[in-house]
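Let's take a friendly tour of charged side chains and how they pair up. Have the sequence and the model open as you read.

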Amino acid sequence: MPVQGFCWFLCCRQGFNLLGRDYGEKEEEESFELRNKEDLTRNGRGPLEVTLSQPTRTANGTNGPLRLSSDRGPARHTGDGEGDGRRIGWGLESKMDLFPPSTDSTKRRWSVITYLQHSLSEVPDEMKSLIIEKSKMGLEEDPELLVKGWLFREVRGSWIKQRCYWFVLSQDSLDYYSSSERGARRLGTLVLTNLCSVIWPDKQTFKETGYWSITVYGRKHCYRLYTKHFNEAVHWACAVQKVIDTKAPVETPTQLLIRDIEENKFNPEVVDNMYQHNPILKHTQSPLYAPLLPFPYSSLEHTYHSGKGYATVREEAVKLFNCLQQLECARDPVPLIQGVLQTCLDLRPLRDEVYCQLVKQTSCTPQPHTAAHLRYWQLLTCMSCTFQPGPAVLKYLRFHLKRIQSQFPESEMDNYASFIGEALEKTRCRECVPSWEEIQVLMGRQEMLCTVHYPGPGSCQLHISSHTTANEVVRRMLEKLGLKESRNTFSLFEQNAHWERAVGGSTIIADILTSLSAKEPDSDSQWRLCFKLYCLLDADAISVDSIEYLFLFEQCHEMVVRGQLPACEEDLQTLAALRLQSVIGDFSTHSPCPPLDELFPGHMVEARLLMPPCAPPALLPATQPPVQGCPQRFPGGLLGGTLWNHTATAAHKQKVEQDLRLRSRLKEEAAAIMSTIVECWKGLAGYSRRDSMTAYLTIARQWSGFGCTLYEVDFYISSTGSFSQKLWLGVAATCVSLYRQGEAEALESFPYGQICSYGVSDSNTFKITAGDRDLLFETTKLTEIMQLMNAYFSAIRRQRGRGDDVVSITEGTAIEVGFHHLPPTPTPTLLQLPSHPV
């Protein structure tokens, strides 16, 4: 180092030490600075405060921020991220006489600054940038500056790298400079509006890079900023977001024109003049470079949906307009329509944007009657049956439909406009994108054909629209099957051979059909929509000759096969024989016989294998406990590996042999049971179908819980939840009961009049309060239990003549987190349906 530079170095160090002694405050970790007037005078100090900042060279060669701030304590290095709080200065006390003590601390500070200025005039040019003159900063600084400091910014060139810049946040923009000197060259500006957004620092980025990052999105630029200090990152994010929140909402030209059209909708000449002089309102063949409505330049929602391949909402809006234009020449428009609808389903803000784009493309069209132009109307039809626009866009859309109808009466556009107007009256937000079949139907303004099965081999076909709910289908099925006078209630179910779930009354059937078509079909079962008994309120009133009696018989047999009707093995074999007699008739060697699992509960066959008191040697577990003295692990090497592989192979063979023996015994037991059932079936010769069904239900009614729905639960024996037992929770028309699995007698029953409240206590725990007892159950069937109990209470009130004439389970499937509290009366009142899902 040159002698002159070394002298400068010593003098600067001495000045730093003296400043640190005068302002010996506790060092802090933040390297940012507040630059409004209140912050400068918060500690009672005047405008002559001194702040010295300089860039330094870190160990890895990058520029790091170094600050000496008189209002924050001694200078420290903040670019290496260590945060050790060491003072800058390399200590030669022999220069203390350069700054004689003075009783006036202000004069002493100015002496230091004057000396530093004089020293800078004598050092080489390459070292002048290390210290910046800030002697009169408090007097001349812009009062509108909020925050400023050194930050790293991600720079994209031939490769991504980070550089350190001096950032300044004001009331209108975020600027960055080449250095912190007054008059330094400004390198970039990000103008802040209410459409800008800030992505806050996240731990994952810090783990990957070692930096806390914030991202500021503007209209043209995106600043990705990094710092070693979490507090600094949070402070910058808060400050930028606060500026964004103070900005007035931005309105696009389309929004302003929509407002003008709404104000002048009764003056056709003014509206026509608007369309004539504003091309943004009319059909165009040119691409769209910006959305018609204002969107944030980016947001956390974009970060959430980026995993699905989406860009920012603004970029997706421009892409959607390109998709709309492709409809004109697409050979098959359905995939494009589904893609647009799926994007609108995932990105909710784009729904109004697509409506505005479709209104634009169907306004003042050069060739309005061509098939290419009608594609826009077909997509608008699908949109109107899937999403409801916002209030302002809805008014604009209705005005557009009436305007088109007046301009093109008795045309295809008139028909589409009329269909869309009616659909908007009924549409609620859909849960699924319309299927290929539904889109084809909507493009022709028609209805879909829905097949609804019911217990047994029967089914009905109904015409439904995109707005038809499960309640409507239930009512129509009751009319079609002559069940309107039934005292029991019915519901629709999604089901296959192994699983079923009740459908809420307000659920849109088109969504159910779409979800069923998207599910993977099983090899031995098929998903379908089924109409069944839901609440069995009065089984004795069901006529033997009615179709409702068939429903009861079929659903009772489903419970038997699933093992949910407790009975002895002899009764189960008799029920299986009666089932064969009712379905096939008298026994014949030529009659096709269904498999045993369609007649008899499978768990009973497995239970017979466990009846012998001692298991034979063949059924011993394949994995025996290790012999004492044998090592638990074999040593490494070729011999050890060979021995281990040989042992593993032997264990595998033993397990395979055991499985084969079990399968063989199961087949033997199943054959024996089937032989007994067939012998019983032969003795039923001459029984008619009705007699067989009556005898079947007579045996089933011997169970005291006949008609209830069973749910497998873990019952907490103690209130602390330390002990639990697997039981059946039976929900019936008059009470809730607890059963041991397979036992016919209830452990305990709780009439509805004794139940004070019930509800969901957490994500998988159901609680019933009966008197002074709290019953806790852990189950995966929370929604189903709540639905059924709500339906029973609703049916009780309806039968007492105080409810609506509703025949489906409920008006919705949503379950409220919390409890339904019942009045302490013998007959509980109707529970209001909850509005929030679990």
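At 44% relative accessibility, lysine 319 counts as partly exposed. Its salt-bridge partner is glutamate 316, and the closest N and O atoms of the two are 3.7 Å apart. Glutamate 316, for its part, is buried, with a relative accessible area of 7%. Keep in mind that this is a predicted model.

The next pair is glutamate 558 and lysine 532, a salt bridge whose closest N and O atoms are 3.0 Å apart.

Are the two partners buried or exposed? Glutamate 558 is partly exposed, at a relative accessible area of 24%, whereas lysine 532 is buried, at 3%. Both residues also belong to a network: salt bridges with shared partners join Glu500, Lys532, Glu558 and Arg562.

In total, the structure holds 25 salt bridges. One of them pairs aspartate 272 with arginine 403, with 3.2 Å between the closest N and O atoms. Here too, distant parts of the chain are linked: aspartate 272 sits in helix H8 (residues 268-277) and arginine 403 in helix H14 (residues 391-407), 131 residues apart.

Aspartate 272 is partly exposed, at 37% relative accessibility, while arginine 403 is buried, with a relative accessible area of 10%.

## A buried glutamate without a bridge

Side chains of opposite charge can pair when their charged atoms come close. Now turn to glutamate 784, which lies in helix H24 (residues 782-799). Which side chain of opposite charge is nearest to glutamate 784, and how far away is it? That side chain is lysine 781, at 4.4 Å. A salt bridge requires a nitrogen-to-oxygen distance within 4 Å, and glutamate 784 has no salt bridge even though it is buried.

What surrounds glutamate 784, leaving aside neighbours within four places in sequence? With those set aside, glutamate 784 is in contact with Arg501, Tyr534 and Tyr711.

How values were computed. Residues numbered from 1 in each chain as written. Predicted model: local features only at pLDDT ≥ 70, side-chain atom pairs only at ≥ 80, totals over all residues. Heavy atoms only, no water. Helix = DSSP H or I, 4+ residues; strand = E, 2+ residues; numbered from the N terminus. Buried < 20%, exposed > 50% of the residue type's maximum accessible area, 1.4 Å probe, protein only. Lys, Arg positive; Asp, Glu negative; His and termini not counted. Contact = heavy atoms within 4.5 Å.
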